[in-house]
Amino acid sequence: MNTSLPSCSVRLFILFLFMSAMNVSTTFAQEQKTISGKITSASGETIPGVTILELGTSNASVSDANGNYSIKVSATALKLEFSSLGFQKQQVEIGANSIINISMEADIKSLAEIVVVGYGVEQKALLTGSVGIINAETLKDIPVSTVDGIIQGQTAGVQVLQNSGTPGTEMSVRIRGTSSISGSSQPLYVIDGIPVTTGDFAQIGYEGQGINALSDLSPNDIESISVLKDAAAASIYGARASNGVVLITTKRGSVKKSVINFNAYYGWQQAWHTLEMLNAKDWMIYRNDLAGTEVYSQQDINNISIDTDWQKVIFRTAPMANYELSSAGGNDKTRFFISGNYYNQEGILIGTDYKRINGRANIDHKINEKLNIGTSIGLTYAKTNRVEGDQSLQGPLPNGISTPAIYPVYNPDGSYNQDGPYSNAVSIANEAINENFSFRTLGNIYADYKILPHLVFSTKWGVDFLNFREHAYESIKTVQGAKYNGLGFETYSNVLNIVSNNLIKYQTILNKSEIEFLAGYSFEKYQTRSSFIRAQDFADQNLQYINSAATIVSASTDAFDDGLRSFFARANYNFDNKYILTLTARVDGSSRFGENNRNGFFPAVSAGWRISQEKFFKIKPVSELKIRASYGLTGNDDIPPFLYAELYGNTSYGGQPGIYPSNIPNPDLKWESTAQLDVGLDIGLFKDRILLTADYYNKQTKDLLLSRPLPTSSGFSTITENVGEVENKGIELSITSQNLQNKKLTWTTTVNFSANRNKVLKLYNNQPIDDLGRGSNRIEVGEPIGIFYSYESLGVDPSTGDIVYKDVNIDGEITSADRTKVGNPHPDFIAGLTNTFTYKGFDLSIFFQASYGNDVFNGSRLYLESLQGGDNQLAVVLDRWQNPGDITAIPDATNDPVRAASNKRVSSRFIEDGSYLRLKNATLGYSLNKKFLQKRKIANFRFYVSAQNLLTFTNYTGLDPEVNYRGNDNAVIGTDFFTYPQARSFTIGCNLGF
């Protein structure tokens, strides 16, 4: 049987199959379509690694390194879901669109925050280093004039000490302890990617009241602050990172409707504590007792006509005000932020105030898909009025407190009464001029060019120019001015820092692996020019400038150039958001060191494991569990210049100019370097309602620069060498808890706790550096830097009324060999506690800050409890020893110079517990209903009341436990000597947006 088909039938059958296949293919193609687009953040930055999911299916795609994506979806697909760590999930209807561009909002959860790190950003959950974070929400209601003041108590491991209450003054910031003795222990500050000039450029020394160049930045312009604490986070800054790095990011525009914001507050300040001094009657009785005869008769004592409370005279209720106007906005091409700020603060001590005007413009522009450019420009003018104090006995504070109440402020003819033991305090405040003027320009320009889809080149050039001028004059109306027939100073300091950062970044995603590599080159050129003139004998007291003086006492100029050249690189590897590895390296070459050791290499490695992302981890209450560790090297080049070089001084001989060698060169000087180990744990509980971060660190700093003694035959007394070692070890703990979260009421608590142990490991021949400052600080192997080392007071001998000191070597005599450790200025721990509440339109924030276990040497008591001389005395001397058998802590008032000198020794008698708990800030605010405001075309309106330093709990008897008369000194610390106290302040303010 023939079963073959006719040829025409075969052809028809094949044609049918082909047409059917084509129809099926066409039908299938019609059932799918491609959606593509770009994903950016609210600020316009592209977001890589975003998961794009066709809702209701497992069909998904991932955005590339430039934020671009493409996904094929079914024809019936309704929505796409976009999700990424650090951003809120977003669902978008597809409709007829084939291109969908998405702007994603940052997730408000703490673990999802985007954190600024060195030369980039990172999601907090993926950090492997130790980074403290302070955001704009924390900053908004703290009426602090300086950036370093904002940091206080806000992040673990950072100790901020306000050395003085002088308006605009510098603060001491220590990140994980003090790592240097002769160099700086202040952190490196980087603003918008540019390291900036900090420090005190004043040439007229006012001990403890230094003017910090950091004060020129307005806190109102700050978006966030990142504190890089461990080597992994900080080593990308190499030679300047041993003391930690503070990254400050200023506000920028966003792809939103343009907004105008007005923020203002006005307040009053007052001294939160004053000393209880002898009044006129008690002073007269005391003086009779001291003299052993009747200096003041009973009639004088019974008929007192003058009883001046000098603290009421020198302290005042002082106003403060701040006004800021800003505008921000933009589109997909251009974003902008422009602001202006005026800050005015009078000091609570007469004769002091601080004024500052700031302007800022931050602009970002997208030229095309490959090139972005932008600029940040900040301008500042500041004026500070200071008065002498602290170390001086020519200031309103020490003179006012020390002047007995029997002396009036003015004579009957209206002139200043100068009969007291010191110059009249009011005459100094009113007639002595010390004005500081700061003109600051801080700006940068940048460009980002996309070479390839995954490869971007960035360059940023910055300039920081500071012009600082001091004008000081004392007329003959003051005691010191009269001594010189008018005394004047004029100083100038011009500081220029030019910075260039150039880097190339490669970023790609391969399946579950995210790889980022960064390499860069930077250089800095630093230049300082300064001049100083002192003159006296002014012909006319109304003419206060140098050209009116008859005698130029001294004049000098100085010039200093410095340079830094750096190469750096960082590699990040992230697998499936579980395993994270970071490698960092930097090579710095600094002109501060000789050719033998000009270059330094600073590597670091860190790793993290997010155990909570593992499939085997099934502990439901634990939403996040990450362990991390890091180790690396950092350096410190903030040392006096030219220590390595052969320097010469100038002199005259036989009427001819000449030079002479002023030091012995040491070309082998090298970096002070710190090796740091950090082990950390991050835990999130109950869907991150509770977040806990714990760290242990161990910092070993070696090659400290110290002066080694030389034999006198060399012609020099010392030479600077790398001979010291210091250790800092400690723990840090931070907890954030969202205690209540509902539509009406929220309550959030943030706690941070730090404990650091500082120890000197090595000195030259292990010889102590002794007798530093008024409190007799000491640097000794095996002890923390700056311990108090003097005589141990055992109290007053009831039989003689004299102070008894411990005979340490038991030789029957009290000599310098009996000195011993009597105190430690370093705290056992520091802490901060913030509670934030919201209820409907109300918000309440309460912030406590504490320091525990630190000792303070109350140097003011050396004079105010001296029981000798003409100084007024503290009221406690009323309890002085007067008769054999008296049990008291105050010795006899004796005119025997030997006994009096012995009783006044620097000793543990003047060491006090400096621990304190301070209600640093309390703010209550109310925001008007948004629907009500929108009808009036107002975006938001909030008003608030706030109090700073409202309560202080301490056993310290001085004006303020948070002081240091030597400012940023590393070794002379924890000493109070008539130091300007902090103020208690009350403010009312508003935040208005359009």
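Is Lys-38 buried or exposed? In this predicted model, Lys-38 is buried, because its relative accessible area is 14% and the cut-off for buried is under 20%.

Lys-38 also has a charged partner. Side chains of opposite charge can pair when their charged atoms come close. Lys-38 forms a salt bridge with Glu-369. Their closest N and O atoms are 3.1 Å apart. Lys-38 sits in strand S1, residues 32-41. Glu-369 sits in the loop between strand S20 (353-366) and strand S21 (371-385). The pair therefore ties together parts that are 331 residues apart in sequence.

Now turn to Arg-610. Its salt-bridge partner is Glu-624, with the closest N and O atoms 2.7 Å apart. Arg-610 belongs to strand S28 (residues 599-610), and Glu-624 belongs to strand S29 (residues 622-636), so this pair ties together parts 14 residues apart in sequence. Arg-610 is buried, at 5% relative accessible area. Glu-624 is buried too, at 2%.

Another pair is Glu-865 and Arg-861. Their side chains meet in a salt bridge of 2.8 Å, N to O. Glu-865 counts as buried because its relative accessibility is 5%. Arg-861 is buried as well, with a relative accessible area of 11%.

Salt bridges can also share partners. One network of this kind joins Arg-176, Lys-229, Lys-626, Arg-628, Asp-678, Asp-682, Asp-695 and Glu-732. Across the whole structure, a search finds 42 salt bridges.

Next comes a sheet. Five strands form an open sheet in the order S10-S15-S16-S13-S14. The pairing is mixed. Strand S10 (131-135) and strand S14 (194-195) stand at the edges. Each has a single partner strand, so one side of each is left without a neighbour in the sheet. Within the sheet, strand S13 (residues 188-191) pairs with strand S16 (residues 245-250). The two run in the parallel sense, over four bridges. Leu-188 has Val-245 as its bridge partner in S16.

The last stop is a glycine. Where does Gly-914 lie? Gly-914 is in the loop between strand S45 (911-913) and strand S46 (916-927). Gly-914 counts as buried because its relative accessibility is 0%. Which residues does Gly-914 contact, leaving aside its neighbours within four places in sequence? They are Asn-854, Asp-855, Val-856 and Pro-961. Gly-914 and Ile-779 are 135 residues apart in sequence. In space, the C-alpha atoms of Gly-914 and Ile-779 are 20 Å apart.

Definitions and conventions:
Residues are numbered from 1 along each chain as its sequence is written. This is a predicted model: local features need pLDDT of at least 70, side-chain atom pairs count only at pLDDT 80 or more; totals for chains, interfaces and linings use all residues. Side-chain values use heavy atoms; hydrogens and water are left out. Two strands pair if DSSP finds at least two bridges between them. Buried means under 20% relative accessible area, exposed over 50%, partly exposed in between (1.4 Å probe, protein chains only). Contact means heavy atoms within 4.5 Å. A salt bridge is a side-chain nitrogen of Lys or Arg within 4 Å of a carboxyl oxygen of Asp or Glu.
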